[in-house]
Amino acid sequence: MKQNLQARFREQFGRYGDVMHDRWLNTPGWQRWILYVVLIVGALLLPSESIGSFMSPYTDWASILFFPIGTYVVLAIGLNVVVGQAGLLDLGFVAFYAVGGYAMALIGTELGWNFWLILLAGIGICALSGITLGGPTLRLRGDYLAIVTLGFGEIIRITARNTDSIGGPNGIRGIPHPPSIDELNVFGVDLYDLLGVKFFKYGVLDPRPYYYLLVALAVIVIILVKRWEKSRVGRAWAAIREDEDAAEVMGVPTFRFKMLAFAIGASIGGAMGVLWASKVISLNPNDFQFLLSATILAAVVMGGAGNLPGVMLGAFVVAWLPERFRGLQEYRMLIFGAVLVALMIFRPEGLLPSRQRKAELKEGAGGMGTLGAEVPGPESHGEEVASK
Amino acid sequence: MRPKTARLGGVLAAGVALTLGLAACGDGGTDAKPADGGSSAAAPSTVKIGFMGDLTGPNAGIVIPPRNGAKLVFDEYNKTNPAVKVELVEYDSQGDPSKAVALAQQAIKTDKVVGLLGPAFSGESAQVGPVLEEAQIPSISASATNTKLAENGWKFWHRVLPNDSVQGPGIADFIAGPVAAKNVFVIDDKSEYGKPLADAVRGQLATKGAKVTNDSLDPAESDYSSVVNKVAASKPDAIFFGGYYAAAGNLLKQLRDKGVKDAKFFSGDGSLDKGLIDGAGAANAEGALVGCPCYIATPDVTDAKVKGFADAYKAAYSADPAIYAAEGYDAATVFAEALKAGNTTPDKINAFIGTVDLAGVSKQVKFAPNGEVEAKDIYIYQVKNGAIALLGKATEAKLG
């Protein structure tokens, strides 16, 4: 059997991954929960300076943990619902992030609501905008849907730029922070003195409180998304992703489930937008470029669309590498690109691929659900595709 | 066949990436060495001053000259063997506000800078300003012109050039005064820089009794024919464009091609670049006028101080000082003077900046309590024989 190095590496790495995956599937629930708690505690300890000096010698580690790393991770989790699970190629995800950001900025500065209320309102507004976009467009598929969503992303940005009542090109300034809690006593011990971090003091100087807020948001989002994935809804999404017509014929109300995926993805993007806007104090339409949509989509695909840990890992890599290599100046984007190319050569189905999707890929159904119907997968052979 | 080529390609790509990576590492190493050697051997103490702006991004062309100007000051200063040397730390924000905030945190917490030059653009200044304010780190920007920045009540923020609400009326006065235009067509590019500037021009022209027609264009497009047709129909004496040079050059070319020959073409500091001439073509750009709150030392200056700066700049970077170079030089000079006077902590330096009154290259440098510079001069430049020449202050310049 003649195999080249690349294919052999791919296969061995894949087999190793499978072994790990099997072991994970057979792990009892209580052991899993131990790992979850360890992961959450690890996430809370991440902004430590001792790691920071290695992880990002050129930028403040705690700051980039919030943006771009944490922000990308949450956005990728949201986009994964749309792209990874329901198989809808959405190129305008940044629009929902922008709607969330603007909701926070406008309600916060004009009406002066509490941050937590705005967060809820923002999620609602974004879900509504997801439905508004989904209503007329989700009848389209694959690349047509991609084009429409791409347009929507740009429409939001250009509308914001041209609407003077929301600041036009100047954007909005003076966005309020979440309310701070200054005193934090547990059994008479001041936690501030103990740990040196004011967990709930939201100012401009210390990014860590926002990061903790982001971790909390991420944990909630992950639990919800995981529950959806395991439920009937998740199976309906998988059916739509694999073959929309077959799903429809079998009695799955595909349109409704696609709308649901869109609304959920939009709400997650919007929640992140609200959180982000409350940290940065000022925003303008240029913060919501198409490039952000493309980057998040790259993170989802590269990490392994459909698999939550994979998607999060992908977002981390995409957000972290350019900051890590900041010292190389002009070369940093080149190296970032080289790493992406290398990853796509050696792990074409993503860093930690979803098994189900990997099988779909092998079958020749391409990467993006119905989009890739005619495209051979990386390990399929020409005749398989030709026979379809 | 295919696997072989694929393998070859992979090896090649990896090789290229490695080589470039190593080359880049090498660059970083040599850059860092002199600074380290200097600080450990000669002077016992060194303070860090940051420079933040778009050094590798799309608009780096207007940030690198002030960086060079600032470097010049600190190199000169360090050569005098002062008690406290300066290390200039560069923060490349690429003009992206959300990245700029993380870099500012790094500057404050890890690098412990005592002052910051920049951020260069208004967008990043709006987000970095509050962070510097809370950390009490003084900053002086050499190029952020958005008017609203001075309205935040910041005590540690300064800029060494007048803002857009000075620039716009300054140019408008020139259009209505020496040019005596009665019918002006004002176009903006809808950006956070171009629109407020164009609005300021419109407002001032209206008070001067000129007839003003408005329109906007999208700089991302390449075909401005809808705007150009409106301009041709309105037959203006003068046209003002608020936006950057890439769009300005293209617009000017399309206007002249359409037969709008006699109307004087004006623009603001965003168009003060050779790119305007390249984009429009030398023949079309001839005579175009650009206003700027910046002072560019042209080769024919006679003032000894300015000439000294221009010569030193040319010697160091083998290029003539470009946009904001003099402002970057002046901003850095303020910090250097503060250190000479023995102020090495951020709050002492800030107190010094509040009282500073020195003759800079571009202007007399003296700050108002809100951080704005007191001098309000706008300069008018004109394209002559395919090069940008200084006409003089907007209040004094005459059309040749």
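This is a predicted model: local features need pLDDT of at least 70, side-chain atom pairs count only at pLDDT 80 or more; totals for chains, interfaces and linings use all residues.
## Two chains and the contact between them

Together the two chains bury about 3300 Å².

**Where the chains meet**

- On the chain B side, 38 residues are in contact with chain A, and 36 residues of chain A face them in return.
- Carbon and sulfur atoms carry 53% of the area that chain B and chain A bury between them.
- Within chain B, the residues that lose the most area to chain A are B:Gln127, B:Lys190 and B:Glu192, which together make up 16% of what that side buries.
- Four helices of chain B each supply at least two residues of the side that touches chain A: H1 (2–41), H3 (97–109), H4 (122–135) and H6 (194–207).
- Of the elements in chain B, H3(B) gives the most to this side, with 10 residues.

**Chain A as a whole**

- You will find 17 helices and 2 strands in chain A.
- Chain A has 388 residues, and 51% of them are buried.
- Among contacts in chain A with a separation of 6 or more, 70% join residues 24 or more positions apart.

**The nonpolar cores**

- As background, nonpolar side chains tend to be buried together in soluble globular proteins.
- The largest nonpolar core here has 96 residues, and the members that touch the most others are A:Tyr97, A:Met272 and A:Trp276.
- Helix H4 of chain A, residues 61–85, gives the most to this core, with 16 residues.
- Another core, of 80 residues, lies apart from it; B:Leu255, B:Ala338, B:Val365 and B:Tyr379 are among its members.

**A closer look at A:Trp276**

- Setting aside neighbours within four places in sequence, A:Trp276 is in contact with A:Phe66, A:Phe67, A:Tyr97, A:Leu283, A:Asp287 and A:Phe288 in chain A, and with B:Ser98 in chain B.
- A:Tyr97, one of these contacts, is also among the core members that touch the most others.

Definitions and conventions
Residues are numbered from 1 along each chain as its sequence is written. Chains are lettered from A and ligands numbered from 1 in the order in which they are written. Side-chain values use heavy atoms; hydrogens and water are left out. Buried means under 20% relative accessible area, exposed over 50%, partly exposed in between (1.4 Å probe, protein chains only). Contact means heavy atoms within 4.5 Å. A nonpolar core is a set of buried Ala, Val, Leu, Ile, Met, Phe, Trp, Tyr and Cys residues joined through side-chain atoms within 4.5 Å. Buried area is the accessible area (1.4 Å probe) that two parts lose on being put together, summed over both.
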